[in-house]
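Biologist: Please take a close look at one part of this model, the contact between the two chains. Describe what each side brings to it and what lies around it.

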Amino acid sequence: MTCPVTIRIQEGDFDIAREIALLTNSRTDIGAIVSFSGICRADEDSAKIAALTLEHYPGMAEEEIGRHVDEATSRWPLNGVTVIHRVGRFMPGQNIVLVLTASQHRQAAFQAAEFLMDYLKTSAPFWKKEESATGTGWVEAHARDDEAAARWTKS
Amino acid sequence: MKVKYFAWVRERVGKAEETIEPPPNVRTVEDLIAWLSGQGEAYAYAFEKPKVIRTAIDHAHVKSDAAIAGAREIAFFPPMTGG
């Protein structure tokens, strides 16, 4: 089964419809595409956020995402994966991350998208800095994200 | 070897990358963090809580007991918060 993989880290926005069209690319063996978008929120624990800045580790970020995409394609029968992570400064409402997973059936696409997002949050080298009325500060990692990623660990 | 720092580790150290030559008795990531901590106030501040610091060798996550021999690039950073 061919499973084209696209991994991009970019400053500019992405167009979800265009990325889905690129992924399907006139193929007729795909029965399900799951699309997850992560968007900059205007508040975090009731504190207002003015903007978010995303920093990454160039080189490692692409490789780390690639390793998790490889694991996803070995665990689920996927027909295509696209991961796009933006870096730079974002205002509330702007896109930050896109994960597309394609498969013949929905279960694999849903599970692979969730798996990829859980690992993106805990092991891909990106860091968020928040700007709010009270100043700027680095976002702290949440234990709930580690727990979400841990449930995919094979026992 | 080349060392890179990211997010608040970079801000505390005051630089994004540098080339270092630790002495031969610095064998593991843990040793390297302890050695760097002794290189001045900025480093001591950046590495004041060594258990919080995450490390990658040549673009792959490693644990604190990993050997640094042969590493081309070592990166130190806080827990990740992307996605």
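Modeller: Helices here are DSSP runs of H or I with at least four residues, and strands are runs of E with at least two. On that basis, chain A of this predicted model has four helices and nine strands. Along the sequence of chain A they follow the order β-α-β-β-β-α-β-β-β-α-β-β-α. The radius of gyration of chain A is 16 Å, close to the 15 Å from the globule rule for 155 residues, so chain A is as compact as a globular protein of that length. Its C-alpha trace spans about 50 × 40 × 30 Å along the principal axes, and 32% of its 155 residues count as buried. Among contacts in chain A with a separation of 6 or more, 75% join residues 24 or more positions apart.

Now the contact itself. Chain A supplies 22 residues and chain B supplies 14 residues. On the chain B side, the elements giving two or more residues are α1 (7-13) and β5 (73-77). That side of chain B divides into nine nonpolar residues, five polar and no charged.

The largest nonpolar core has 48 residues, and those touching the most other members are A72(A), V99(A), A112(A), L116(A), F6(B), V9(B) and A75(B). Helix α3 (residues 106-123) of chain A gives the most to this core, with nine residues. Leaving aside neighbours within four places in sequence, V9(B) is in contact with A46(B), I53(B), F76(B), F77(B) and P78(B).

Notes: Residues numbered from 1 in each chain as written. Chains lettered and ligands numbered in written order. Predicted model: local features only at pLDDT ≥ 70, side-chain atom pairs only at ≥ 80, totals over all residues. Contact = placed C-beta atoms within 7 Å. Nonpolar A, V, L, I, M, F, W, Y, C, P; charged D, E, K, R; others polar. Core = buried A, V, L, I, M, F, W, Y, C linked by C-beta atoms within 7 Å. Buried ≥ 20, exposed ≤ 12 C-beta atoms within 10 Å, placed from the backbone. Rg over C-alpha atoms; globule rule 2.2 N^0.38 Å.
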